[in-house]
Amino acid sequence: MKRNPRAIFLTLWRCMKLQCPACGRAAIFARPFNVKAGCTGCGVIFKREEGFFVGAIMANVVATEVWILIVYFACLLLTNFGDQTTLTILFLVGVTFPLLFYHHSWSLWLGLDHLIEGLPEGVTRERRNW
């Protein structure tokens, strides 16, 4: 499905704000580390079949590895830290970054799925009453 650049930017912007990629009216997360089942605004389903969010986990792991490399090269080239200090910093990045990026990786994964094939709509209250 071909998308115009404005729609792509809008979807990614909504994902960065942790909002529904389809409508942008509702949050994706009910509370920290807990994805809602669906959007309360437009009715699309967030929680899909088992294994759907493996891509989000993979994106989180890859982003963490990239940040570890960036911090490592910054420590190597810009500082005179010893090996122990550098390893401590890298350990802290490796532990904290995935926790901080967790929500955004899931949100971006939902956004990419929305851009590629569209998020499926669930049964909303209005539809159940017909």
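Mentor: Let's start with a term: a residue is buried when its relative accessible area is under 20%. Keep in mind that this is a predicted model.

Trainee: Why does His-103 count as buried?

Mentor: The relative accessibility of His-103 is 14%. The cut-off is under 20%, so His-103 counts as buried. You will find His-103 in helix 3.

Trainee: Which residues does His-103 touch, not counting those up to four places away in sequence?

Mentor: With those neighbours set aside, His-103 touches Leu-18, Phe-29, Pro-32 and Phe-33.

Trainee: What makes the Phe-97 and Phe-101 pair stacked?

Mentor: Good one! A search of the whole structure finds seven aromatic pairs. In the pair of Phe-97 and Phe-101, the ring centres lie 5.4 Å apart and the planes make an angle of 15°. Pairing needs centres within 6.5 Å, and stacked means planes under 30 degrees apart, so Phe-97 and Phe-101 form a stacked pair. Both residues sit in helix 3, four residues apart, about one turn of the helix. Phe-97 and Phe-101 are both buried.

Trainee: Why is the pair of Tyr-102 and Trp-106 called tilted?

Mentor: Here the centres are 5.5 Å apart and the planes make an angle of 40°. Under 30 degrees would be stacked and over 60 edge-to-face, with the rest tilted, so Tyr-102 and Trp-106 make a tilted pair. Tyr-102 and Trp-106 also lie in helix 3, four residues apart. Together with Phe-33, Phe-52 and Phe-53, they form one aromatic cluster.

Trainee: How do you know that helix 1 and helix 3 are roughly antiparallel?

Mentor: Two packed helices are described by the angle between their axes and the distance between the axes. Helix 1 (residues 5-16) and helix 3 (residues 83-116) pack at about 155°, with axes 8 Å apart. Angles over 145 count as roughly antiparallel, and therefore helix 1 and helix 3 are described that way. Their crossing is right-handed.

Trainee: Which residues make the contact?

Mentor: Helix 1 contributes Ala-7, Ile-8, Thr-11, Leu-12, Cys-15 and Met-16, while helix 3 contributes His-104, Ser-107, Leu-108, Gly-111, His-114 and Leu-115.

Trainee: How many residues of that contact are nonpolar, polar and charged?

Mentor: The contact of helix 1 with helix 3 has seven nonpolar residues, five polar and no charged.

Key. Residues numbered from 1 in each chain as written. Predicted model: local features only at pLDDT ≥ 70, side-chain atom pairs only at ≥ 80, totals over all residues. Heavy atoms only, no water. Axes fitted to C-alpha atoms, helices over the stretch in contact; angles between N-to-C directions. Helix = DSSP H or I, 4+ residues; strand = E, 2+ residues; numbered from the N terminus. Parallel < 35°, antiparallel > 145°, perpendicular 65-115°, else oblique. Left-handed = near helix turned anticlockwise from the far one by under 90°. Contact = heavy atoms within 4.5 Å. Nonpolar A, V, L, I, M, F, W, Y, C, P; charged D, E, K, R; others polar. Phe/Tyr/Trp six-rings, centres within 6.5 Å; stacked < 30°, edge-to-face > 60°. Buried < 20%, exposed > 50% of the residue type's maximum accessible area, 1.4 Å probe, protein only.
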